[in-house]
Amino acid sequence: MKDQFRKDTPINYEDVVRQISEMNLSSVGKASIREIKRLVDNIERATGEKYIRMEMGIPGLLPSSIGTEAEIEALRNGVAAIYPDIDGIPELKKEISRFVKNFMNIDVKPDACIPTVGSMQGSFAAFLTLSRMQPEKDTTLFIDPGFPVHKQQHKVLGQKFESFDVYSYRGEKLREKLESYFKKGNIHSVLYSNPNNPSWICFTETELKIIGELATQYDVVICEDLAYFGMDFRKDYSIPGVPPYQPSVANYTENFMLFISSSKVFSYAGQRIGMMVISNKLFNKKAQGLTKYYSSDLFGRAMIFGTVYALSSGTAHSAQYALAAMLKAANDGRFNFVEEVKIYGEKAKIMKKLFLDAGFKIVYDADGDVPIADGFYFTISYPGFTGEELIEELIFYGISAISLAITGSERTEGLRACVSLVKPSQFPDLEARLKKFKIHHSK
Ligand SMILES: Cc1ncc(COP(=O)(O)O)c(C=O)c1O
């Protein structure tokens with residue numbers, strides 16, 4: 001920022017500088033998500049100003065009373081005193097199986113539908129078990145950009161991973177890129193999120209087909225993270241048993257595991273419950289490598305009675321009743337869960353326009369020929385700035401976001417913006433602050 005504009009920033013320049021130095025941050029641009037959150041909390045407290053907070057990916061809506069009422073009732077009935085089955089209560093397993101049939105059109109037996117302590121535990125359990133099936137296959141491949149915690153899981157487990165940014169490998173180009181990894185013979189599984197956190201790209205059917213075909217050919221398991229299930233609002237995936245369905249690699253390979261979080265789509269993040277759905281074939285697959293760690297060489301059995309048992313011995317009993325009730329209502333057509341979260345897309349549409357009008361660019365902007373959907377996240381850049389510089393600058397304008405650099409993206413000029421905590425009543429502030437930013441930064 002030019003010196004002459006320092007008197008004219010939406011948040012007092014000196015106040016921001018003071019808070020940054022009090023936190024002892026060498027660089028705001030390199031700070032972690034939690035550090036940025038703390039810094040913005042401190043500035044808000046010191047100045048009384050409210051930020052446009054786009055740094056954290058946390059749900060901003062209340063959960064449906066269908067879930068909370070069922071959970072309260074289950075607690076009243078005394079389930080807190082009783083260990084749930086490791087692989088989930090039968091009602092929930094049945095509803096998960098119905099859910100993937102109704103909203104994805106895929107057939108998975110209830111046995112292979114397992115509640116986990118959030119989707120995070122599901123992926124942790126998956127990496128642990130998948131990496132032990134065949135000794136020569138000891139590496140996970142991430143299709144980035146991605147959720148940094150999955151890589152943290154690998155570091156904690158001492159496991160290997162490789163990754164690439166999909167930005168330059170969309171469409172048919174994905175085949176050669178994926179094959180270049182698979183050919184080496186060390187990849188046991190691939191993980192990506194779809195819709196994608198942080199970029200909100202969604203794979204096209206062509207891309208999912210490529211991923212699925214290669215997974216079968218090279219015997220690689222695809223871990224599809226559906227944390228934002230049904231939230232590509234360009235299509236309506238909300239009617240049970242009726243197309244269009246949530247797109248999935250499951251249509252193109254039997255080598256899949258799905259991770260369906262209840263945190264965003266059911267706004268149930270606090271109760272830490274997610275779903276792990278294992279294809280019938282993988283569930284019953286035998287792998288010699290498992291016998292070194294588990295009493296069974298069957299993948300499904302090793303997963304449940306080995307890994308999940310050892311990690312947490314199942315998932316909170318009452319939360320299972322909540323999720324079962326919400327899924328049952330969705331499956332029966334009584335609860336339109338997609339409608340509940342559409343507000344994220346509506347906000348993104350308006351916010352993206354405000355950024356574009358101020359001279360920003362959307363970094364990941366298309367799926368094939370189609371502009372990306374409006375949803376939970378979008379990515380932005382401003383000509384002439386690196387991502388780190390842009391975060392450092394926006395903080396004086398009352399706007400917070402995180403750098404794409406921590407997500408495995410090569411687009412280091414980019415930031416991830418999350419819409420969930422921004423209230424529509426803040427849009428006029430956002431507009432005014434961005435206008436000021438534009439005036440201060442146009443050549
Ligand atoms: C891509 C992705 N996967 C997984 C998760 C975590 O899900 P859960 O809260 O169910 O552990 C998130 C949450 O932000 C996410 O964005």
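Analyst: A nonpolar core is a set of buried Ala, Val, Leu, Ile, Met, Phe, Trp, Tyr and Cys residues joined through C-beta atoms within 7 Å. A residue counts as buried if 20 or more other C-beta atoms lie within 10 Å of its own. The model discussed here is predicted.

User: Which residues of the largest nonpolar core touch the most other members?

Analyst: The general idea is that nonpolar side chains tend to be buried together in soluble globular proteins. In this structure the largest nonpolar core has 135 residues, and those touching the most other members are Val190, Val221, Ile222, Met257, Val277, Ala417 and Val419. Helix H11 (residues 317–331) gives the largest share of this core, nine residues. Because domain 1 (3–59 + 338–441) and domain 2 (65–331) both give residues to the core, it lies between them. Val190 illustrates the packing: beyond its neighbours within four places in sequence, this valine is in contact with Leu141, Ile143, Val220, Ile222 and Cys223.

User: How many residues does each domain bring to the contact between domain 1 and domain 2?

Analyst: The C-alpha centres of the two domains lie 30 Å apart. Their contact takes 28 residues from domain 1 and 31 residues from domain 2. On the domain 1 side, helix H12 (337–357) and strand S12 (377–381) each supply at least two residues, and H12 has the largest share of that side, with six. By class, this side of domain 1 divides into 13 nonpolar, eight polar and seven charged residues.

User: How is a ligand site described, and which residues are closest to the ligand?

Analyst: One lists the surrounding residues, then their elements and classes. Here 13 residues surround the ligand, and the closest are Gly118, Ser119, Ala227, Ser261 and Ser263. Helix H5 (residues 118–130) contributes the largest share of this shell, three residues. The shell has four nonpolar, eight polar and one charged residues.

User: What do the buried residues of helix H10 pack against?

Analyst: In H10 (residues 299–311), the buried residues are Phe299, Gly300, Ala302, Met303, Ile304, Gly306, Thr307 and Val308. They pack against strand S2 (113–116), H5, strand S8 (274–278) and helix H9 (280–283). Just after H10, serine 313 takes a positive phi of about 50 degrees. Helix H13 (residues 387–394) can be read likewise: Gly387, Leu390, Ile391, Glu392 and Leu394 are buried, and their cover includes S12, strand S13 (399–400), strand S14 (402–403) and strand S15 (415–418).

User: Is glycine 414 buried or exposed?

Analyst: One counts neighbouring C-beta atoms. Glycine 414 has 29 others within 10 Å, so this residue is buried. Glycine 414 sits in the loop between S14 and S15. Excluding neighbours within four places in sequence, its contacts are Val363, Thr379, Ile380, Ser381, Gly387, Leu404 and Ser409. Lysine 361 is 53 residues away from glycine 414 along the chain, with 9.0 Å separating their C-alpha atoms.

Key. Residues numbered from 1 in each chain as written. Predicted model: local features only at pLDDT ≥ 70, side-chain atom pairs only at ≥ 80, totals over all residues. Near = placed C-beta within 6 Å. Helix = DSSP H or I, 4+ residues; strand = E, 2+ residues; numbered from the N terminus. Nonpolar A, V, L, I, M, F, W, Y, C, P; charged D, E, K, R; others polar. Buried ≥ 20, exposed ≤ 12 C-beta atoms within 10 Å, placed from the backbone. Domains from an automatic or database assignment. Contact = placed C-beta atoms within 7 Å.
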